[in-house]
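Dear colleague,

I am passing on the structure below, together with some notes on what came out of the analysis. Please read the notes with the model open beside you.

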Amino acid sequence: MAKVTVDGRTVEVPDGSNALEACRAAGVDVPHFCYHPRLSVVGQCRMCMVEVEGMPKIQASCTVPIRDGMVIHASSEKALAARNATMEFLLINHPLDCPICDQAGECKLQDNAFAAGLPVSRTSEPRRQFPGYDRTDIGPHVVADMTRCIQCTRCIRFCQEIAGTGELTFIERGGHTIVWTHEGRALDNEWSACAADVCPVGALTVKEFRFRKRVWWLEKASSVCDGCDVGCNVSIEHRDRVVHRYLPRVNPEVNDFWICDYGRFRAEGLNGQDFLRPVLRGASGERETNWGEALDSVKGAVDAALAEAGEGSVLALGSARLSTEESWLLARLFGETLKGRAELTVDDGELRRIRNPKARGSFEGFLKGREAAPNSRGAEAAGLVRAGKDSALEKLLAGGPAPRVLYVADAAFTYRVKDPEYVAALRRAPVLVVHARTRNALTDVADVVLPVASLAGKEGTFVNVQGRVQRFDVAIVPPPVVRTDLEVLLHLGRRWGAFDTRWTARDIFERMRGSVDGYAGLEWDAESIVGAPPSVSPAAAYDSLLAEPLSLPELVLPAAPAGGGAK
Amino acid sequence: MSGGAGTPVAELAGNPRTGEHGALSCGHPVAFSPAALERFEALLTRYPTKQAALLPTLWIAQEEFGWISREAVDYVASLLDLAPAFVWGVVTFYTMYNRAPVGKHLIQVCTSISCHLAGAEKVYHECRRKLGDLKPGETSLDGKYTVIEVECLAQCDKAPAVMVNGDDYERITLENLDSFLEKLK
């Protein structure tokens, strides 16, 4: 640790920090564009100029390694003059198109220009144009507009250092410089939209989100991506019950600053809701009904099965997409109360990975997912039995004895429901009940379909590939009659007196602590479970990592990478 | 989503890219001759990293292929384990790598201050006019001449200076321009 004085305020910062980080630790927000805690330091933008005692010239603070006893004047007249000069240079050619620019509202240039307060331009020349390189797809998920680029090279460094693919480069030089790919190539890697995230201006924007919603209208809720078992922390950005995008939430232990494109664009899928009421299917056809009748019919079928065929005649199929709380309810209800079996099957995923050399469980610098669903570990810990040899599910699929009632708590629990033979095998159970949000082959043949909310409507916890418990919160309230899996299971369980319908996910979480592996001693509100709050701006997501040392003087800069992320 | 940095842009719908700043294609894959490869291997021993050998390798490529095409960029990138985009970024940073085919004689007229005072602008214009009203950087129809304007050739005492490929020519004025061009034939 080194003691650094910034504008008369002394803070202690870790060795290897740079002057910019020291300023931020001291509560002085030095404007900057090219600095990013996980990218190498280049001193490209010249925005973060400060005065350092003992150095004759004004310095770009991100390039100055701190020394013990260093005295920095971040707000001196000289520093402000240098920063304002840089800002004026940047604005000479930056188009004044904030009203039509999708970055407006989360644009660092906008913020910094506003903070600098230079309302009048001293130039009257036409601004630089790049015909053919404006509003152009640069990759499958990213649109580039080089007239807005301020040449901070964050995207180039992202592609080189984080993605490791190096699609982007500076082409030409001086005032003609553009960021582009090699001719004939696209900005297309597993995390390409993160290049748009790190862009401080509107030069790179995400194609799927462009013009969907002004960012200041978006509400943000903390959640966890359910695309694979890495469990990237995300913020669900929504408005008027519509999910508009995911942004990664910073978690240095899991996804760091990043999220893969596959996960990011799952956000779109959260808006589908085919089932708005419970559906009963019988000899007389299909009809919508209310929850009372639907759940009573499930109870009737289960009671009949138990009376006629005895214990073990009911099989519940969980899913690794259920929260641990929901899995726990399912296991308690079907495994214990109803003396049946509660099993779980998980798809092996395509290999999803996220760059995080620091995270526990990462290798080759990546944290890698193994399964296509987020919570098999939590579900197993909660008591669901992974379907293997001799499991009721395998017997059912192999043509063995069928359970009298098959209760599927997630209609999309495996990709194999697309296979008609697989569905036919499940359908051999005389009574088939499914929880479903969207229509698929299984819901088309089920006797009872119980409409449930998407991830955006639920709260609970997932256990990721590292065994880390992570909480996700409710983003949007589901449509009126739709319930969460948790509520459905509680109301069903109440019919046998097993559960109290007033329980929330938090109550169940607290009940689980005594019995579920990995949950002992955890607190629902603990920072390790909740993660960082959503960031206001994806380009400065690290804001959420930095506490406000002004009000909390004992806090210092948290673990920023040594050497400002040069490694 | 398809794989990696190699996805052709053609797959992206509605891409109006003009290629103004992009590498032109020469239409076929390229590779160094055995002699050039030998030079390249010798080169690598003189630099601490492969990336450090990029500029001289591009020189070899320019000598081999005459200009740096998209395929040459890909080839050099594969030789040096670099991203093609990075190589192209370096090519476009420097002015002496040809980004389009040039004529047999690349006539580089210096128009920096000494040559300018000695009338280099007129030489530059007259030279292009005589070779077939060439635009700056354009190659004559017979593929023999390309005329470009360059910065100081360090021949200020012999202004106006002209360099043709690697050879210096001194005091090229309107008077001796014809005999100068005659010598090139």
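Chain A is divided into domain 1 (2-101 + 532-565), domain 2 (121-271) and domain 3 (279-530), with bounds that come from an automatic or database domain assignment. Please keep in mind that this is a predicted model, in which local features need pLDDT of at least 70 and side-chain atom pairs count only at pLDDT 80 or more, while totals for chains, interfaces and linings use all residues. Residues are numbered from 1 along each chain as its sequence is written, and chains are lettered from A and ligands numbered from 1 in the order in which they are written.

The centres of domain 2 of chain A and domain 3 of chain A, taken over C-alpha atoms, are 35 Å apart, and their contact takes 26 residues from domain 2 and 32 residues from domain 3 (two residues are in contact if their C-beta atoms, placed from the backbone, lie within 7 Å). On the side of domain 2 of chain A that touches domain 3, strand 11 (219-224) and strand 12 (233-239) each supply at least two residues, and strand 11 gives the most, with 4 residues; strands here are DSSP runs of E of at least two residues, and helices are runs of H or I of at least four, numbered from the N terminus.

Buried residues make up 53% of the 567 residues in chain A, where buried means that 20 or more other C-beta atoms lie within 10 Å of the residue's own, exposed means 12 or fewer, and partly exposed lies in between, with C-beta atoms placed from the backbone.

Two residues of chain A deserve a look at their backbone. Thr153(A), in the loop between strand 7 (142-144) and helix 4 (154-163) of chain A, has a positive phi near 65° although it is not glycine, and it counts as buried because it has 22 C-beta neighbours inside 10 Å. Lys339(A), in the loop between helix 8 (324-337) and strand 17 (341-344) of chain A, likewise has a positive phi, near 55°, but is partly exposed, with 13 other C-beta atoms within 10 Å. For background, most residues other than glycine have a negative phi, and most peptide bonds are trans.

In chain B, the peptide bond from Ala159(B) to Pro160(B) is cis, with omega near -10°, and Pro160(B) sits in the loop between strand 2 (145-150) and strand 3 (162-164) of chain B.

With best wishes
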